[in-house]
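Here is a friendly walk through one protein model. Take a look at the sequence and the fold first, and then read on.

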Amino acid sequence: METVARIRSDFSEKFGIPRQSGLVPEIRSRIVFEPKFRHPDAVRGIEGFSHLWLLWLFSENQPSDGRLTVRPPRLGGNERRGVFATRSPFRPNGIGLSCVKLESVDYDSPDSPALIVSGADLLDGSPIVDIKPYLPFTDSHPDALFGFAEGALSHRLSVTFENGCAEVLNDETKKAVANLLSLDPRPSYQDDEMRIYGMKYAGYEIKFTVSGQTLTVISVTPA
């Protein structure tokens, strides 16, 4: 395989990235093709699709050690599941799969054509090895079962901003940050109300605490 494109996103580190694509639609990212594929012919007809599948590589993870089970964070990190029954990034082959919404195609910039997408869950610079259109008549299965992941749907925190933190962010970034944090980026086994957590997003260092079901942003500073 060869890298066909790389994503430019507001995530400069792994902590805080949504665990699945599409959970935070406010996230905007740019897919920039490698020079070999940077040609309008490579994306001819893509505007007719609303969503895309991205196949990409977990470039910042350590190689799998061959274990057949992993500890999903949403199960508290203490309960093992088969690696092929999870979407853990620690796999025999570090391949990620994400469904994103295609917002537009930029044909006017020096790196064009570039794809503007929303809802991506990729670290900035992640290599993309393929892009395919999402087809609702075959890719959507409304009656599919959630398995042990069903409980993750209902886990959302209430997010509040203290000390004027909200005023530091523009409306779009504030909405994205609030949605991101409501997903609870902490590992499930961490529940220390005195601990101050930090994540980087959109050029900011965001620090917060969690008490019960409430996450409180206590500072927002340039990263």
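Searching the whole structure turns up zero disulfides, a disulfide being a pair of cysteine sulfur atoms within 2.5 Å. This is a predicted model, where local features need pLDDT of at least 70, side-chain atom pairs count only at pLDDT 80 or more, and totals for chains, interfaces and linings use all residues. Residues are numbered from 1 along each chain as its sequence is written, and side-chain values use heavy atoms, with hydrogens and water left out.

Buried means under 20% relative accessible area, exposed over 50%, and partly exposed in between (1.4 Å probe, protein chains only). Cys 99 counts as buried at 19%, and Cys 165 is buried at 4%.

Strands are DSSP runs (E, at least two residues), numbered from the N terminus. In strand β7 (residues 114-118), five of the five residues are buried. Ala 114, Ile 116 and Ser 118 lie on one side of β7, with Leu 115 and Val 117 on the other, and both faces are covered.

Two strands pair if DSSP finds at least two bridges between them.

| Strand | Sense | Bridges to β7 | A bridge pair |
|---|---|---|---|
| β2 (residues 28-33) | antiparallel | five | Arg 30 with Ile 116 |
| β6 (residues 95-106) | antiparallel | five | Lys 101 with Ser 118 |

Definitions and conventions
Helices (H or I, at least four residues) and strands (E, at least two) are DSSP runs, numbered from the N terminus.
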